[in-house]
Amino acid sequence: MNKSQPLVSAEGVGKSFGSIRAVQRISFEVLPQQIFSLLGPNGAGKSTLVRMLIGMLPPDEGTFVWRNSSGATVPLDRAKIGYLPEDRGLYKDQPVAATLEYFAGLRGLNRTESKRVSQLWIERLGLTQYAKSKLETLSKGNQQKVQIASAVLHRPALLVLDEPFSGLDPINQELMVNLIREIRAEGTTVLLSAHQLNLIERLADHVMIIAKGQKVLSGTVEEICHGEHGGKTLRVEFEQPIAANLLTEIQAHGDVRGLLLEQPNLIAMQFGPNQKQLEWLNKLQQWGAIRTFQSSSTSLHEIYLRVANDGLPQKEPSDV
Amino acid sequence: MNPSICTVARWEFFRFFKWRDQLIGIVSLLVSSVLGFGVVKFASSSKAVELVVVGSNQPLELPEKSKIQLRPTTETLEQLRTKLDQRSIDGILVITENKTNSSENDVELIVRQQPRWVNDLQTALNAQRTSRVIDKASITPEQFQQFLAPQAIKITTTMPNTISLADRGVAIGMGSFMVIVNFLGLSFFMVGITGEKQQRITEQVVSAISPQAWIDGKLIGLTAAAFASVATLLVGGILIYGVVWLAGYGVGMPDSLTRWDLFPLLALLFLGGAIFWNCFFAAVSSIINDPNTSAKSSLLFLPMLPIAAGFLAIPQPDGNAMRVLSVLPGTSSTAMPIRLFLGEVAWWEIAASLLFLFVGIYILRLAAGRIFAAGIMLYGKEPSWLDVIRWAIRG
């Protein structure tokens, strides 16, 4: 497979519903075997973008360009896509094996092949004892496993997972993370939309944050966390609760990029990559007795909170 | 055919048609009918009723299979009442001459409870009274019968075959068959599509196949499931008829059931009519979020009105109303079979009926596909009628 050519590129795609502009001229590229993460607050336009990408909704403007393994442009082939929607469910009164065979059939596999891959996935996910059980009798975690199997059993070129971790306990979240990695290792490209930023930070090769229908940030986790929007976070714990006027004074200084009151006596200050935290520590000592302080690289979570709330930044790390 | 349509059709068929359930249904029908006839047989073979007659020596002619046994007595009424209380006898029939009209009798039946066999006794008493009146009037029984007989009318029909009651029953049966198929189609689509919406299955399916392929698969699978369920009922009915026949209550086969030439045409009409209405059910079900609260649910019963109209027109199978209904798509599948059995149908009426039905299916399938494509993806607020009409026209 030609890994330098994107599997799919979005070129200025946009979509409106009445007067609401859900997606505004967004461009991006998803490379083969990449885990591409799409982030954004609720209502940012992620699901609309995903639905346009997989051909469920036609874009009002722009196009999606699909390429095959040799890099040639090809039309969208639904059989090569696996999709786990955010709003998802299964036929609760049907057996696990029959449900998987049905979804395999819908993705173009013949009956023999559908049976074979369904059995394979049932064993892989440890569901052998439930193969003939109705889905409603399974635990939520096991139902989620069946759900993801139904999206991936035909070995798609692109697997789109919309909120795959929602409703899962930490153990099942970890299982899901490993499963996504395995699927990628088997040659499938993964487009992932989720709110669990700690998991995204570990999983994603590329992150794109959108807010209010616009792309606000795009790059690798490394680029984002150490680029212009990254930097350092200084957490300072005071002996006494922090006065409101102190927060106003800190915010008045332009060199502090972000400020968060995490506890009544604990603040988190975000600095750009070249800003000096030591000077700030000295200043803060004058305003109140400091109990502890800690400096760390700004996490994806912190950057996300800032850019998703603020909207468009001036520049993106990938553009630098 | 698109393979995904076959996949959907097979899935939908077996989702609603379960062999095991159908077999259980047939066995239950058979068992209940055998038990029913067993009860009837047992009831008819129950012990004779002993009735003691007081005050009359005139013979009473009871019906041939009557269980009543009449016995004259010399015992007093008091003694008989004691026997009645002790359950030694089943009743006391007291017949006395009417004091004002000697040709009439006063009859009193003394029993423990309201008897079921009173009709046999009534028949016998009526015959005795008639015989007494004839004797009094000095006329022969033949003259009396002639006096009661209505004016005979000779009916000459110009059509080669007259319609028997059995044939009329077959025509009604055909209409009922279609009503059951439609009701099953309604329930399958309602449960299927609104259930899929409520269980959030639609998006994953539509990401794999087009909504038109999905609805086409559903139309084939669910229509087949409805016909298969009714066919199972018919098999059950035939088996029950076998039980009835074995019990000695069977009747001969109606002439209309031997008209094999009509069967291919009937099959086309039934199949077309079911698909036509199933397109409608699919479209309406896709715009309903919750059948318990949606005002649009009542729309699903709309197809029952023209079908019911078809039944009402049975007395005049070739009347203007029936002619129109037998050509319109949606009603032709009920009205045309009734006319074919009970009336006279011109070839062009059959041709027009089939043409309109299949053109109707084509248009409704496209419109339903468009409404379905938009409706199934819409959660939360139901669309307005304006939205639905816009989807149907423009997609």
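Q: The backbone oxygen of which residue does the side chain of Thr331(B) reach?
A: This is a predicted model, in which local features need pLDDT of at least 70 and side-chain atom pairs count only at pLDDT 80 or more, while totals for chains, interfaces and linings use all residues, and side-chain values use heavy atoms, with hydrogens and water left out. Residues are numbered from 1 along each chain as its sequence is written, and chains are lettered from A and ligands numbered from 1 in the order in which they are written. Thr331(B) has its place in the loop between α11 (320-325) and α12 (332-342) of chain B, where helices (H or I, at least four residues) and strands (E, at least two) are DSSP runs numbered from the N terminus. At 2.6 Å from its side chain is the backbone oxygen of Leu325(B).

Q: Is Thr331(B) buried or exposed?
A: A residue is called buried under 20% relative accessible area, exposed over 50%, and partly exposed in between (1.4 Å probe, protein chains only). Because the relative accessible area of Thr331(B) is 6%, this residue is buried.

Q: How many helices and strands does chain A have?
A: The C-alpha trace of chain A spans about 75 × 45 × 40 Å along its principal axes, and 52% of the 320 residues in this chain count as buried. The secondary structure of chain A is made up of 10 helices and 14 strands.

Q: How far apart in space are Leu278(A) and Leu234(A), C-alpha to C-alpha?
A: Leu278(A) has its place in helix α9 (residues 277-287) of chain A, and because its relative accessible area is 63%, Leu278(A) is exposed. Along the sequence, Leu278(A) and Leu234(A) are 44 residues apart. In space, the separation of Leu278(A) and Leu234(A) from C-alpha to C-alpha is 9.7 Å.

Q: How many salt bridges does a search of the whole structure find?
A: A salt bridge is a side-chain nitrogen of Lys or Arg within 4 Å of a carboxyl oxygen of Asp or Glu. When the search covers the whole structure, the count over all chains is 24 salt bridges.

Q: Which parts of chain A does the salt bridge of Glu61(A) and Arg25(A) tie together?
A: The side chains of Glu61(A) and Arg25(A) meet in a salt bridge at 3.0 Å, N to O. Since these two residues belong to strands whose parts are 36 residues apart in sequence, the pair ties together strand β4 (residues 61-67) and strand β2 (residues 20-30) of chain A.

Q: What does Glu61(A) count as, and what does Arg25(A) count as, by relative accessibility?
A: The relative accessibility of Glu61(A) is 24%, so this residue counts as partly exposed. Because the relative accessibility of Arg25(A) is 61%, Arg25(A) counts as exposed.

Q: In which loops do Asp90(B) and Arg112(B) lie?
A: Asp90(B) forms a salt bridge with Arg112(B), and their closest N and O atoms are 3.6 Å apart. This pair, whose residues are 22 apart, links distant parts of the chain. Asp90(B) is in the loop between α3 (77-85) and β3 (91-97) of chain B, and Arg112(B) is in the loop between β4 (105-111) and α4 (118-137) of chain B.

Q: Which residues do salt bridges that share partners join into one network?
A: Lys218(B) and Glu196(B) form a salt bridge with their closest N and O atoms 2.7 Å apart. Because Lys218(B) lies in helix α8 (residues 211-246) and Glu196(B) in helix α6 (residues 165-198) of chain B, the pair ties together parts that are 22 residues apart in sequence. Both count as buried, Lys218(B) at 0% relative accessibility and Glu196(B) at 1%. The one network formed through shared partners joins Glu12(B), Arg15(B), Glu196(B) and Lys218(B).

Q: Which residues of chain B lose the most area to chain A?
A: Buried area is the accessible area (1.4 Å probe) that two parts lose on being put together, summed over both. Chain B and chain A bury about 2200 Å² between them, with 56% of it on carbon and sulfur atoms. On the side of chain B, 35% of what is buried comes together from the residues that lose the most area, Trp11(B), Glu203(B) and Gln204(B).

Q: Which element gives the most to the side of chain B that touches chain A?
A: The count of salt bridges between the two chains is one, and in it Arg51(A) pairs with Glu203(B), the closest N and O atoms being 2.8 Å apart. The elements that give two or more residues to the side of chain B that touches chain A are α1 (3-16) and α7 (202-206) of chain B. With seven residues, the element that gives the most to this side is α1(B).

Terms used. Polar contact = N/O pair within 3.5 Å; in protein donor to acceptor, adjacent residues only side chain to side chain.
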